[in-house]
Amino acid sequence: MTAVEPEQKGWLGKSVKRKEDARFIAGRGNYIEDIKLPNMLYMSILRSPFAHATINSIDTSRAAELPGVVAVVTGELLAEHNLAWMPTLSGDTQAVLATDKVRMQGQEVACVVAEDPYIAHDALELIDVDYEPLPVITTPQAALEDTAPVIRDDKEGQADNKVYQWEAGDAEATEKAFAEADKVVRLVTHYPRCHPAPLECCGCVADVNPVTGKATIYMTSQAPHAHRTVFALVAGLPEQNIQIISPDIGGGFGNKVPVYPGYVVATAASLLLGRPVKWIEDRTGNLISTGFARDFYMDGELALKEDGTMTGLRVKMLSDQGYSFADAQPSKFKAGLFHIVTGSYDIPAAHVVTEGAYTNKAPGGVAYRCSFRVTEASYFIERLVQNAAYELGVDPAEFRRQNFIQPEQFPYTSATGFEYDSGNYEAALDQALERVGYKELREEQKQAREEGRLLGIGLASFTEVVGAGPSRNYDILGIKMFDSAELRVHPTGKAILKLGVKSQGQGHETTFAQIAAHELGIPPEDITVQEGDTDNTPYGLGTYASRSTPTAGAATVIAARKVREKAKKLAAHLLEASEDDLEWADDKFVVKGAPERAKTIQEIAFAAYTDHPEGMEAGLEATNYYDPPNMTYPFGTYAVVVEIDRGTGQWKVKKVVAVDDCGTRINPMIVEGQIMGGLTEGFGTAAMELITFDEDGNCIGSNFMDYLLPTAWETPAFELGETVTPSPHHPIGAKGVGESATVGSPAAFVNAVVDGLAHAGVRDLDMPLTPSKVWEALDKAGLAE
Ligand code: CDP
C-alpha cells in the first residue's frame, strides 16, 4: 500500500500510512519498560506453585535481610490497609495477595521491592511459605458436582462453585419449534482455553508523590479511565489525585482490560515507601496468571424442517471462569454477548442458557479479540450449521444461503433479542465462493477422493456484534459504556484530538486523524491524536471488543461537526456574508455562487483567536460524549481449503479467502492488517493454541515452548475481499472490525478439516486440531494410512 496524495479530497477509504509506525520502526516507542524514574524501585512477584492450598504461614525474614531488598509485601500487610482483596470489573472479588488460601497455580502470594530487579527476583527464593495442598478442580463440570470443594469459601453466602446463570430467548417458543421439527441436529463442543499472549506482558510504574499524594501510574491498560475509577474505589484515593498513563502498548487483545494484583501492589508499595515502583511481568507470569480467553463448553441443537428451513435453536453453555469472575462483562449480560449465537440466520425461536463455574485456574473469559464471548457463539453456530448441512445431505453454502436473514429484513430483531443494524450476507458469501472457486473445488474434491486424497472446504458466514454501548444496556460496574472525543483546532489550523479510548496497536493515531480530517479538511498529518492519559483525555471506557470506531469514532465525527458549526459563524463574519449563503466545500466555506469568496479552515482557525466577532467566545474546539443508539453488526464469509495427510493427520491450508463487511472503511490498509491478525489468531486456535492443566492444576502452556502460537512460518497466505454495507446509525457508516476475523475464522478452519472427513461420518472434532487428534479421527473412520 502506498500513502495517498495529499491533494486528494476526503480522507475516508484512504490507506494513509500509519503515523505511529515512524516511532515504532525507529525503536522509539515508549513502553512501560522504557519508563525510568529517578529513585525508582523494582518489584517481583512470588507465585504459588499449588493450584489449591491453605497457607499456614509465610516467613519473609530471610528475604527481607538480603542486601538491596527494601520491603517484602504480603497479603497480611495489605489486609491491614484493607487491600488484600480487590473488586473485579465483573463485580466479583479477587485476591491481591493471598492470605487464607491460594486458589490457582501462579497466584500472587508475596512481592519483593528492591533497589534492583535482579535482587527483587533473587529474594523471592528466600520467602518460606508453608502450604497445605487441597483437592484441585480443573473443569467446570467437576466444579458443579455436589462433592466439589467450595473454591470461593472466602465469599459470604457462597455455598457452591456457581458464578452465574443467565438465559436469553423464549424457552416455550423454542420447545414448540423442536416438538414440530422434522430433523434435529446436535453439536457438543469445547472452545478451549487459550491466551491473548500480547507481545508486551503487563506491567506498571507507580509513582505516589509523598508530598502531594498524587499517584501517577504508568500501566499497560486498555481502559485507563475505568481503571482509574477502580483504583479510586480500591485504594480510597481521591480520583483527581490518580493519573493513569497508558503509554505505547505492545498488544492487548483483551488481556489488558482486567486489573491485576501487580498494579495494585506496586501502587500500594509506592504509597508506603514514597518512591516510584516498577513491576514488569515475565512471560510465564503473563501466561499462567492473567486473563485467559474462551474455555466454553457448548451443547446445542438446531431444529429443521424437511426442506432445510431452520426453525429453532437451543444452546446450553458452561464456562470455566477460573477462581474469580474478573473480566469486564456488561453487567446486564453475565455471559457476555452470547446472544449472537443465532448468527446470520433467520431462526424464529431460540433459547440460550449459560452458566459459569469457579475452578482452580486463573480468571478467564477476557474479550480476546472478541466482543464478550461472540467468538464462542459464532464458532458454535457455524460448526452446527455446517454439520446440519451434512445431515440434510445438502451443500453447506446453499444451506446457509437458504437461511440467511435477507437484506430487506434489516433492522432485524433476533430471537435472542438483538437488533441487527444492517447486512447483506449473500453478497459476502457469493464473493467468497467466487474468489475461492467453490464450484470447481467441489469437483476437485470428488476427484481427489477417488485418488485417495482428502480435500476439505470449510465455510463460516459469521455476524459480529461490536461497539458497546448503548449505555442504556451496557455498563461495566455501573459505568455506562459511551465514549468521547475532544477536538481543539489551534490558531495555525493544526489540531489535537483527544480520545477516551486507547490503541494497543490498532493505529488510532492515523484513523481517528483521518476521521477528523474528513470532516474538517485539515490534513491528517496536522492532527495529533492523544489517548491513554486520564488527566489529559476525556472520560471513556477504553478499547476492546472493537468498540473504538463505533463509539469514539462517532464522537470524533460529532465533535468535528460542532467545530464546523462554529467555523461557519466565523466564516460568515470574515466574508461578511450570511451563514445561510455559505456552503462547505471539503476544507473551506464558500459563498454560494461566488467560489472566489472563500475561507479555508486554516484561515478560519486563525480568526478564532485573532478576529472573532464581538460576543463570540474565542477558540475553536468541541467535545462529544457519544452514546451509540445501537451496536454495529459487521459480518463476512470466510472460505478455507485444506488437504489432510492420511498418514500423519497433518492438515495443510491450501487457500483462505476472507470477505469482510465493516461498513465504511476509514483506512483500508489498517482494516486489512486487523483482519490478517485476526485470521492468524483464528488459525492458531484451530491448529495449535491450547492452555491445559494436569490433574493437580499445573498449567501446561506456561511458556512459548509449550503454548504454541503460529509464526509467519506456519501461517498461511490470506486473500481478502470486501463488501460495504454501512451502519445506518453510525455518523459515517462505519462498523467496528478489530476482531471480526478472530470471530469468523476458527470455525472456517475447523469446518474445512471436518469437510475433508465428513463423508466418512466424522463431524465432531474439537480444537486445536493437532495432527494426532486428526489422525485418531482418520483411524476411527478407516481413512488412516
Ligand atoms: O476498538 P478497536 O480499535 O480495537 O477496534 P475497531 O474500532 O474495530 O478498529 C480497529 C482499527 O481499524 C482502528 O484503527 C479503526 O479506526 C480501523 N477501522 C477502519 O479503518 N474502518 C472501519 N470501518 C473500522 C475500523
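**View 1. How the chain divides into domains.** The protein chain is assigned domain 1 (35–134 + 208–249 + 256–289), domain 2 (292–468 + 630–780) and domain 3 (483–626), with bounds that come from an automatic or database domain assignment. This is a predicted model, where local features need pLDDT of at least 70 and side-chain atom pairs count only at pLDDT 80 or more, while totals for chains, interfaces and linings use all residues. Residues are numbered from 1 along each chain as its sequence is written, and side-chain values use heavy atoms, with hydrogens and water left out.

**View 2. Where domain 2 meets domain 3.** Take the C-alpha centres of domain 2 and domain 3 and you get 39 Å between them. Each side brings its share to the contact (heavy atoms within 4.5 Å): 21 residues from domain 2 and 21 residues from domain 3. Together domain 2 and domain 3 bury about 1500 Å², with 65% of that on carbon and sulfur atoms; buried area here is the accessible area (1.4 Å probe) that two parts lose on being put together, summed over both.

**View 3. The largest cavity.** On a 1 Å grid over the protein atoms alone, a cavity is a set of points where a 1.4 Å probe fits but cannot get out, a pocket is an open set with protein on both sides within 12 Å along at least five of seven lines, and lining residues have an atom within 4 Å of a point. Searching the whole structure turns up three cavities of 30 Å³ or more. The largest cavity holds about 50 Å³, a volume being the space filled by probe spheres set on the points, which are joined across faces, edges and corners. Its lining includes Gln94, Tyr260, Asp327 and Val366. Because domain 1 and domain 2 both give residues to that lining, the largest cavity lies between them. By class, the lining has five nonpolar, five polar and one charged residue (Ala, Val, Leu, Ile, Met, Phe, Trp, Tyr, Cys and Pro count as nonpolar, Asp, Glu, Lys and Arg as charged, and the others, Gly among them, as polar).

**View 4. The second largest pocket.** This pocket has a volume of about 540 Å³. Its lining takes 21 residues, with Met43, Ser44, His121, Ile280 and Asp282 nearest the centre. β1 (41–47), α4 (117–124), β14 (277–280) and α9 (283–289) each supply at least two lining residues, and β1 gives the largest share, six. Helices (H or I, at least four residues) and strands (E, at least two) are DSSP runs, numbered from the N terminus. The lining splits into 11 nonpolar, four polar and six charged residues.

View 5. Most residues other than glycine have a negative phi, and most peptide bonds are trans. Arg294, in strand β15 (residues 293–304), has a positive phi of about 65 degrees. Arg373, in the loop between β17 (349–357) and α10 (374–392), has a positive phi of about 80 degrees. Arg294 is buried at 1% relative accessible area, and Arg373 is buried at 2% (buried means under 20%, exposed over 50%, partly exposed in between; 1.4 Å probe, protein chains only). Cis peptide bonds join Gly469 to Pro470, with omega about 20 degrees, and Met767 to Pro768, with omega about -10 degrees.

**View 6. Around Gly663.** Gly663 sits in the loop between β31 (651–661) and α17 (668–687) and is buried, at 0% relative accessibility. Leaving out residues up to four places away in sequence, Gly663 touches Val724, Thr725, Pro726, Gly733 and Lys735.
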